[in-house]
Amino acid sequence: MKDKVLFISDRPSMGADMLIKNLGDTFEILRIRSGDEINYNPKIILVNLAGLESYDRVKTFKDTKIFLLGTQVEIDAAKEHVQDAEFFVRPFNAKEVREKLLSLSQSSQNEIQKTLLLVDDDAVMIRTLREGLSTNYKVLPANSGANALKILERVKPDLILLDYEMPEMNGTQVFEALKNNPDTAKIPVMFLTAKTGSGSIEKIEALNPEGHMLKTLPLKEIKARLKEFFEGQES
């Protein structure tokens, strides 16, 4: 699916129209006039300044990257009305514009937060990891295996961090319940364990999870392991 780019233009302009035509093979271009209504908040807007009737529509968008297309004189005049906009001066370099928009599009996709389900009966561990990881991920806490299974009825996280040693319903039992349910079988699981003995590690590896981590690892290393995991999924 092509990424959407909103193009605001009130009159035909050979340079801007040719640029938009060249971008059409990479992006889905949605063309409107400056007075038209639109029911979503675009990430990228290109504004053809030639004959533009109003800046009001451009100024209503938030969290949007705006690029002005025009002569240097048109751009200098527009800067008084549109704050924090970047610009491309006529004659336009289609390759330069394409590369700039692609870089923004990819950055926007990378900003989408992954969701982690953190399952641990230790309240201190949950609080520590939740606070430490919430700057990079959306973290959902579950203080027991049974609570985790209830959460999974309505939410499908990108990864489950599962405590191996828990009372009542331990990590192995939760893992088996996940894999026996078609709705959760494909959700990747990483075990968290406080035990370093080879016997415990072998039991975890025998379950064939996505991986395991010691709870004693520094937060920086846990973040690095999670980043490595998600980057591996995307490659």
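Are Tyr137 and Phe230 buried or exposed? Tyr137 is buried, and Phe230 is buried too. Keep in mind that this is a predicted model. Here are my notes, point by point.

1. **Tyr137 and Phe230.** Let's stay with these two. A pair of aromatic rings is described by the distance of the centres and the angle of the planes. There are five aromatic pairs in this structure. For Tyr137 and Phe230, the ring centres are 5.6 Å apart and the planes sit at 35 degrees, so we call the pair tilted. Tyr137 belongs to strand E7 (residues 137–142) and Phe230 to helix H9 (residues 219–234), so the pair ties together parts that are 93 residues apart in sequence.

2. **Tyr164 and Phe191.** Now look at another pair. The ring centres of Tyr164 and Phe191 are 5.6 Å apart, but their planes make an angle of 85 degrees; that is over 60, so this pair counts as edge-to-face. Tyr164 is in the loop between strand E8 (159–163) and helix H7 (171–179), while Phe191 is in strand E9 (residues 189–193). That makes this a link between distant parts of the chain, 27 residues apart. Tyr164 and Phe191 are both buried.

3. **Strand E8.** Where does E8 sit? Five of its five residues are buried, so E8 is largely enclosed by the rest of the structure. In a regular strand the side chains alternate between the two faces of the sheet. In E8, one side has Leu159, Leu161 and Asp163, the other has Ile160 and Leu162, and both faces are covered.

4. **Neighbours of E8.** Strand E6 (residues 114–119) pairs with E8 in the parallel sense, over four bridges. Here Val119 stands opposite Leu162 in E8. E8 also runs parallel to E9, and four bridges join them; Ile160 stands opposite Val189 in E9. Follow the chain from E8 through H7 to E9 and you have a right-handed β-α-β unit.

5. **Helix H5.** Which residues of H5 (residues 123–133) are buried? They are Met125, Ile126, Leu129, Gly132 and Leu133. These residues cover an arc of only 145 degrees around the axis, which means they are on the same side of H5. Turn to the face pointing away from that buried side and you'll find the exposed residues Ala123 and Glu131.

Technical notes:
Residues numbered from 1 in each chain as written. Predicted model: local features only at pLDDT ≥ 70, side-chain atom pairs only at ≥ 80, totals over all residues. Heavy atoms only, no water. Phe/Tyr/Trp six-rings, centres within 6.5 Å; stacked < 30°, edge-to-face > 60°. Helix = DSSP H or I, 4+ residues; strand = E, 2+ residues; numbered from the N terminus. Buried < 20%, exposed > 50% of the residue type's maximum accessible area, 1.4 Å probe, protein only. Arc of directions from axis to C-beta. Pairing = 2+ DSSP bridges. Right-handed = clockwise from strand over helix to strand, strands pointing away.
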